Amino acid sequence: MSEGEIKRVVIIGAGQAGGEVAQRLRQGGFAGDISLIGEEPAPPYQRPPLSKAYLKGDLSMDRLLLRPASVYGEENIALLLPVRAVWIDRRSKRVRLEGGRELPYDALVLATGARPRKLPLAGADLAGAFLFRTAADVDAIRPKFVAGAKLIVIGAGYIGLEVAAVARQRGLEVTVIETAVRPLARVTSPEVAGFFLDEHTRQGVRFVLGGAPALIKGQERVTGVRLTDGAELPADLVIAGIGVSPEVTLAQQCSLGVDNGVITDAQCRTEDPFIFAIGDCANRPMSHFDNRRVRLESVHNAVEGAKIVAATILGQSAALEAPWFWSDQYDLKLQIAGLFQDYDHIAFRGVPESRSFAAFYYKAGRLIAVDAVNRPGEYLGVKMLIQKGLSVAPEVLTDESRPMKELVAAAR
Amino acid sequence: MPKITYIEHSGKEHIIDAPVGQTVMEAAVKHAVPGIDADCGGACACATCHVYVDPEWLAKTGERNSMEESMLDFANEVEDNSRLSCQIKVSEALDGLIVRLPKSQH
């Protein structure tokens, strides 16, 4: 596919991934039509601050936007909001919108994101029970998010713990319910999870671990949560952060391959050469990890997918990064590079008690990931090593007498 | 509103009105100044908003913080006047600020 053949790009999904494709195409000199279709009323915005500065009230919607709304008109990007795409006809290469309008495409980008899982419980629809995905969700939560209010967070992943941290900083009483026996069970090691559990406990968060909610109590409004063991906890608001499911309805409707996200190749191309899939909804092989297939929910993945697609349409190539993530909780900045799954060895630089340490993950002797808490150098150093396909032995990397920069420079 | 001049590595200049309270990175990204990626949106997580502060402005933009210092350790072609633009807050005192952009953020 070369630029000469592509005159009309339609992007379904106006989150960070979709927004970045449009922007990068224009920045790269693409002169054809770009349509960006989103279900939310707001132009593309950053989601990570929703559970951080935006929830805290430190960041306005204006600053959340990737770019001011006016830019889209100036750059001749047709921003269709809030509009739902309901049908893809691959044969005639058209997307149908609700209301019947049809948009022809030469290249189609699925950036449909993910939907938060709903609690499969009675009472989940009561006033005061919230999901946590969009700016509108947070706008609805904020009036209830006041000092003294009793908050129950269901799910101890990054979203749940970030919400708990902001809540404590705002003076709410916070209980976190998690069905696993430790927080962050899906996303980090027991050691790092234990560190965050200790920190939250010290900050006054109560945890119910290995406990499952049975129902959300209340007549019109939430008044509490009953656990499966019969215990009842009072609550003024309940926030569920129990993960997301990739939004693949349209991909399935037009018979594209789906397996934990829309299946793509390393160029983010689906089995239809005229359709790409990127961001939370897509599942692609990761070049730095032996082309293992993953579906990542992250800014890195959203931006990288956008870079790849824009470059492909423009007939260029994009440099790939090692996956990276971050989480802010209290005064702790957790920075993650790589993919830690299947690690067989963990090594530490610094000690958790000092609130500044890095956990390095190895698999078969090869460095595969880092969790760095207040240790940006260790984070960036490992990210660079992974990108270069290099590894440094644990006994070397944990030697604090040698600066990280030197260790990375010496790696072969 | 303070004006900030961003000079691309090629020499191309962008003069941007930067709202007080936002960061030097945000003003650039919102106006699509090429050469500042800032993928993380200013969380000091990606080190892709590296700029060189014009020497005459160094005193007014202040010192690097420790997190920024560690991140810059791993950036390309770091100079004494290198900063992460997400860590420089726009104020009236920075009206006229000039920053230059590196060849690449990666």
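Residues are numbered from 1 along each chain as its sequence is written, while chains are lettered from A and ligands numbered from 1 in the order in which they are written. Because the model is predicted, local features need pLDDT of at least 70 and side-chain atom pairs count only at pLDDT 80 or more, whereas totals for chains, interfaces and linings use all residues.

We may begin with the overall division of the chain. Chain A falls into domain 1 (3-115 + 245-313), domain 2 (118-242) and domain 3 (331-410), with bounds that come from an automatic or database domain assignment. Between domain 1 and domain 2 of chain A, the C-alpha centres are 30 Å apart. Where these two domains of chain A meet, 12 residues of domain 1 are in contact with 10 residues of domain 2; contact here requires C-beta atoms, placed from the backbone, to lie within 7 Å. On the domain 1 side, helix H2 (53-56) and helix H3 (61-64) of chain A each supply at least two residues, and H2(A) gives the most, with 3 residues. Helices (H or I, at least four residues) and strands (E, at least two) are DSSP runs, numbered from the N terminus. By class, this side of domain 1 of chain A holds 7 nonpolar, 2 polar and 3 charged residues, where Ala, Val, Leu, Ile, Met, Phe, Trp, Tyr, Cys and Pro count as nonpolar, Asp, Glu, Lys and Arg as charged, and the others, Gly among them, as polar.

Next comes the sheet. Three strands of chain A form an open sheet in the order E4-E5-E6, with antiparallel pairing; two strands pair if DSSP finds at least two bridges between them. Strand E4 (85-89) and strand E6 (102-104) of chain A are the edge strands, each pairing on one side only. Strand E5 (residues 94-97) of chain A joins E6(A) through 3 bridges, and A:Arg94 stands opposite A:Pro104 in E6(A).

Finally, two residues deserve a look at their backbone. Most residues other than glycine have a negative phi. A:Cys268, however, has a positive phi near 70 degrees, and lies in the loop between strand E18 (262-263) and strand E19 (275-277) of chain A. A:Cys268 is buried, with 28 other C-beta atoms within 10 Å; a residue is buried if 20 or more other C-beta atoms, placed from the backbone, lie within 10 Å of its own, exposed if 12 or fewer, and partly exposed in between. A:Asn374 also has a positive phi, about 50 degrees, in the loop between strand E26 (366-373) and helix H10 (376-387) of chain A. A:Asn374 is buried too, with 20 other C-beta atoms within 10 Å.
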